[in-house]
Amino acid sequence: MSAAAASASLLTSSLLPPFPQSSRKNLGFLLSKSFLHRNPFPILSLLNNNKNPEKEKDVFSPSHADSFFIFCASVALSVSLFVADVDAASALVVTPPKKLQSDELATVRLFQENTPSVVYITNLAVRQDAFTLDVLEVPQGSGSGFVWDKYGHIVTNYHVIRGASDLKVTLSDQSTYDAKVVGFDQDKDVAVLRVDAPEEKLRPIPIGISADLLVGQKVYAIGNPFGLDHTLTTGVISGLRREISSAATGRPIQDVIQTDAAINPGNSGGPLLDSSGNLIGINTAIYSPSGASSGVGFSIPVDTVSGIVDQLVRFGKVTRPILGIKFAPDQSVEQLGVSGVLVLDAPANGPAGKAGLQPTKRDAYGRLVLGDIITSVNGKKVTNGSDLYRILDQCKVGDKVIVEVLRGDHKEKIPVLLEPKADES
């Protein structure tokens, strides 16, 4: 006997009081499979038979009470069969648990592990109220940064802190500390701050390398755009060895990483990570003709940043060699029909002046006399100012370089001893 039939039998025996044996036989006949097949609505048959005494005699002669009990039994059987079918159907429906793919899990883990290393930087400036003449500190900008070591050093972009009278650094646990400027490099747009935060709250970011990066590999940018909480954008490296200009000095920054990961306002100074969660660059700029944040992003490579941060932490400044000259814009030299860097000024107390490079000047009649045009340094061709900066970035203070110049209609090779900037001596 099936479960449905058993439940129906139990329900029938509990609902129906004892009644004559003949009525029980008729009830069994009504509930039998053959009768239900021929007439699925036995109660209607009973009602019709009650209206026709002759047919009632052919089937059975129950009382009105017996008919009521038979109706109840039929309803109970129908309900039990319906419930049994629903339970059987629902048992076959399986809702699979929500699961993430392996690459999604890796991205989530990378974000969770590196978020504690990323900080939010607020740039405060002093302003005087026009009506009360009170001096107030108001936010004039913000950006991101990251923890470099356990000593509280924070690395960010120089343009994030430029012009600040005070700086605030907010850690991942929303605790805020006053920050002091350790040093900055305007030419490379890098700055180092320091906060007096407990060591247990400082999570240094893992430092990677950028020399072996490949176009197409995945990258992840973490920051605080628009002053929101930490956000993550993903993309790939779309170009290497790009060159951009420093926002502060206009000096070119070489070997920049180009990525299609969205660098929104406020992401500047934040870390660019590889798929292992290691730092490979600092998000510094975005080129977008439309003004949106969906353009081409640029990051300063970590190999460049590491050397700069090391000097800033140890000495508070970056010692970079210079020739000690001022040169003409590249467009002016192109109009002269020559290739190289035209020397406009070479102070006598600078490296180039000491070596004897000739600046541009006017003669006794007011006519312009062109100075030396630098065409190469240490045998490396110089066609514009970017080439000269690129070569000097590979040199150190105290190095002696051979500068080849075009002087009038002949070339000369002049040795020059590189020196640091005057304000860095």
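The model is a predicted one, in which local features need pLDDT of at least 70 and side-chain atom pairs count only at pLDDT 80 or more, while totals for chains, interfaces and linings use all residues. Residues are numbered from 1 along each chain as its sequence is written, and side-chain values use heavy atoms, with hydrogens and water left out.

Of the 425 residues in the chain, 40% are buried. Buried means under 20% relative accessible area, exposed means over 50%, and partly exposed is in between (1.4 Å probe, protein chains only). The secondary structure comes to twelve helices and 20 strands; these are DSSP runs numbered from the N terminus, with helices being H or I of at least four residues and strands E of at least two. Contact means heavy atoms within 4.5 Å. Among contacts with a separation of 6 or more, 59% are between residues 24 or more positions apart.

One part of the surface is a nonpolar patch of about 240 Å², made by Leu100, Leu105 and Val108. Patches are made of residues with over 30% relative accessible area and no salt bridge; like charges are joined within 9 Å, and nonpolar side chains (Val, Leu, Ile, Met, Phe, Trp, Tyr) within 5 Å. Leucine 105 lies in helix α7, which covers residues 102–114. With a relative accessible area of 39%, leucine 105 is partly exposed.

The structure also holds 14 salt bridges, a salt bridge being a side-chain nitrogen of Lys or Arg within 4 Å of a carboxyl oxygen of Asp or Glu. One of them joins the side chains of aspartate 173 and lysine 201, at 3.4 Å from N to O. Aspartate 173 is in the loop between β4 and β5 and lysine 201 is in the loop between β6 (190–195) and β7 (218–223), so this pair ties together parts that are 28 residues apart in sequence. Both partners are partly exposed, aspartate 173 at 42% and lysine 201 at 33%.

Serine 175 belongs to the surroundings of this pair. Its place is the loop between β4 (166–170) and β5, and its relative accessibility of 14% makes serine 175 buried. The side chain of serine 175 makes a polar contact of 2.6 Å with the side chain of aspartate 173. A polar contact is a pair of N or O atoms within 3.5 Å; within protein, one must be able to donate a hydrogen and the other to accept it, and residues adjacent in sequence count only if both atoms are side-chain atoms. Leaving aside neighbours within four places in sequence, serine 175 is in contact with Val169, Thr170 and Lys201.

A second salt bridge joins the side chains of lysine 188 and aspartate 393, at 3.0 Å from N to O. Lysine 188 is in the loop between β5 and β6, and aspartate 393 is in helix α12 (residues 385–393), which puts the two 205 residues apart. Lysine 188 is buried at 6% relative accessibility, whereas aspartate 393 is partly exposed at 27%.

In another salt bridge, the closest N and O atoms of arginine 314 and aspartate 310 are 3.5 Å apart. These two residues both lie in helix α9 (residues 302–315), four residues apart, about one turn of the helix. Arginine 314 is exposed at 57%, and aspartate 310 is partly exposed at 38%. Elsewhere, salt bridges that share partners join Asp185, Asp187, Lys188, Arg320 and Asp393 into one network.

Next come the aromatic rings. Rings of Phe, Tyr and Trp (its six-membered ring) pair if their centres lie within 6.5 Å; planes under 30 degrees apart count as stacked, over 60 as edge-to-face and the rest as tilted. The count comes to three aromatic pairs. In one of these, the rings of tyrosine 158 and phenylalanine 184 have centres 4.8 Å apart and planes at 35 degrees, so the pair is tilted. Tyrosine 158 is in helix α8 (residues 158–161) and phenylalanine 184 in strand β5 (residues 176–185), so that distant parts of the chain, 26 residues apart, are linked. Tyrosine 158 is buried at 11%, while phenylalanine 184 is partly exposed at 37%.

Note on methods. Accessible areas come from the Shrake-Rupley method with a 1.4 Å probe; for residues, only the protein chains shown count as cover.
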